[in-house]
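Let's take a walk through a protein complex, one piece at a time. Have the picture at hand as you read.

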Amino acid sequence: MKTIIKYVLLDLLRNRVILFYTIILAVLAVSVLGIDDNPTKGLLSLLNITLLFVPLITILFSTIYFFNAIEFTELLLSQPIKRNKVLLAEYSALTVSLSTAYAVGIGIPLLLLVSGIESFILTLIGILLTFVFSSLALLIFVKFRDKTKGIGIAIAIALFFTLLFDGFLLAFIYSFSDYPIDQAVVGIIAFNPIDLARVLMLLHLDVAVLMGYSGALFKKFLGSATGSIFSIACIMLWIIVPLLLSVRIFNRKDL
Amino acid sequence: MIKIEHLSKSFGKFAALKDINVHMRQGQAISLLGPNGSGKTTLIKSILGLVIPEKGNITINGQSVKRDWSYRSLIGYMPQIGHYPDNMTIDQVFALIKEMRKDTHDYDEELIRGFQLNKLGNKTMRSLSGGTRQKVSASLAFLFSPSVYILDEPTAGLDPVSSELLKEKILKEREAGKLILITSHVLSDLEGIASHIIYLQDGDLRFYSAVEELQAATGEEKLNKVIAHIMKNESRVAKTIQ
């Protein structure tokens with residue numbers, strides 16, 4: 001397994017898309033942090049950029065990568081090795097390379113310009129979201145045979161979590177505003193990894209109460225520490241559950 | 001060597017393989033023939049464990065392919081389409097597979113030298129032509145001198161010189177007592193290599209017999225004439241063989 005991770009990683013680190021992704025992130029980070037003297041504002045802008053682009057780019061790139069590598073995967077599977085090892089090795093190499101791109105692109109400028117716990121949390125968020133959405137991409141790959149269909153579904157999933165979900169949540173909050181739905185809203189947020197990531201960041205900035213309903217709710221109900229643990233635990237589930245499902249399906253899949 | 005018993009597989013409503021029973025032995029070079037969609041690739045992939053059989057059993061040297069994956073160290077597989085990660089170099093591809101098959105240390109690098117791939121070691125897979133990628137796939141299949149070779153359209157896309165080189169290598173391995181399983185639509189390429197023919201149609205095993213028997217039954221010498229004859233007068237020949 002380590003062997004496959006090593007060689008696939010060597011391939012991915014020379015991948016042009018990943019290099020381009022790193023550079024774009026670095027340019028965005030440096031320019032956003034350079035505009036304002038207030039580091040909190042810069043962090044919030046970077047947070048929004050992360051929440052919008054990391055899921056979309058990760059899920060798209062990963063889905064396309066898994067489908068393109070299908071013949072190579074078959075060749076690896078014709079060697080004496082367990083099926084799930086090949087799958088998990090490819091997943092690991094992919095997440096490691098995309099997370100490295102994020103850590104280099106956003107993490108290093110943050111470390112140099114705004115160090116502190118908030119910068120660390122933002123980098124962690126980007127990496128966690130990378131793991132979540134490549135895990136979802138893996139699930140799409142094992143579930144569907146057709147590449148075009150898979151890419152379509154990947155885009156749909158990314159748009160659902162970045163845009164649609166919050167729309168539904170808002171509609172829900174407006175229509176039931178006369179009822180005590182606060183706890184229900186906290187529960188619903190657990191179903192969106194991007195909202196969880198946003199909450200995790202806002203809990204560590206003093207602006208939590210100003211920055212939106214969900215942040216305020218989390219702070220009120222769970223407090224900073226419990227809220228952080230709760231959202232990290234939920235995000236971990238968003239990584240592990242699709243991954244386990246993928247392995248299960250892949251073990252019975254015809255290639 | 002490879003024993004297939006009552007193997008059936010369907011994809012949805014489409015029955016790709018229907019109750020296949022074959023016993024392949026060492027020293028045979030079996031050519032898998034049949035029209036497109038007749039189940040050749042499904043049969044190969046079932047042996048490799050890439051397709052999970054619905055019913056039936058496949059054993060290699062008495063080892064079932066179902067649970068244990070270690071039997072694959074006996075097999076050298078050359079896929080029909082060699083698609084590799086873009087930025088991996090030829091050397092890296094060889095190193096990767098070598099590290100995955102640590103049980104073998106005697107490498108058969110005859111094809112690598114024959115195809116002169118050792119001079120292209122630092123080239124990335126993206127920069128290679130289709131034919132060169134095919135050469136990499138072929139060299140990988142022969143690298144570990146396995147006891148079973150599974151070659152899917154091995155000569156497609158190769159230039160005449162390389163194709164000849166590969167055919168010579170296949171013959172050599174056959175004489176060394178290995179079991180070779182080839183699919184190819186270029187029948188003239190199988191001339192002199194194939195010792196047995198398996199003919200599949202619509203997922204059914206139509207016949208499995210030695211080339212000499214088929215030549216005697218049809219009265220033809222050349223392999224492509226033999227097969228054409230059988231396809232035309234299938235039922236009559238089938239009776240003669242049995």
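Are α1(A) and α5(A) oblique or parallel to each other? Before we get there, keep in mind that this is a predicted model. The predictor gives the complex an ipTM of 0.90 and a pTM of 0.91. For chain B, the average pLDDT is 88, and 96% of its residues score at least 70.

Now back to the two helices. Two packed helices are described by the angle between their axes and by the distance between those axes. For α1(A) and α5(A), which covers residues 83-113 of chain A, the angle is about 40° and the axes are 9 Å apart. Angles under 35 degrees count as roughly parallel, and this pair is therefore oblique. The crossing of α1(A) and α5(A) is right-handed.

Who does the touching here? From α1(A) come A:Ile4, A:Ile5, A:Val8, A:Leu9 and A:Leu12, and the residues they meet in α5(A) include A:Val86, A:Ala89, A:Glu90 and A:Leu94. Sorted by class, this contact has 10 nonpolar, 2 polar and 1 charged residues.

Next, look at α5(A) again, but with another partner: helix α2, residues 16-35 of chain A. The axes of α2(A) and α5(A) come within 9 Å and cross at roughly 20°, so these two helices are roughly parallel to each other. Their crossing is right-handed. On the α2(A) side you'll find, among others, A:Ile18, A:Tyr21, A:Leu25 and A:Leu33, while α5(A) brings residues including A:Leu98, A:Tyr102, A:Ile106 and A:Leu113. This contact has 15 nonpolar and 3 polar residues, with no charged ones.

Time to see where the chains meet. The contact takes 21 residues from chain A and 25 residues from chain B. On the chain A side, α1 (2-12) and α4 (70-77) each supply at least two of the residues that touch chain B. That side of chain A has 10 nonpolar, 4 polar and 7 charged residues.

Finally, hop over to chain B for a pair of strands. Strand β9 (residues 196-201) and strand β10 (residues 204-210) run antiparallel, joined by 6 bridges. B:His196 stands opposite B:Ala210 in β10(B). How many residues lie between β9(B) and β10(B) in their hairpin? There are 2, and B:Asp202 in the turn has a positive phi of about 50°.

Technical notes: Residues numbered from 1 in each chain as written. Chains lettered and ligands numbered in written order. Predicted model: local features only at pLDDT ≥ 70, side-chain atom pairs only at ≥ 80, totals over all residues. pLDDT = per-residue confidence, 0-100. Contact = placed C-beta atoms within 7 Å. Helix = DSSP H or I, 4+ residues; strand = E, 2+ residues; numbered from the N terminus. Nonpolar A, V, L, I, M, F, W, Y, C, P; charged D, E, K, R; others polar. Axes fitted to C-alpha atoms, helices over the stretch in contact; angles between N-to-C directions. Parallel < 35°, antiparallel > 145°, perpendicular 65-115°, else oblique. Left-handed = near helix turned anticlockwise from the far one by under 90°. Pairing = 2+ DSSP bridges.
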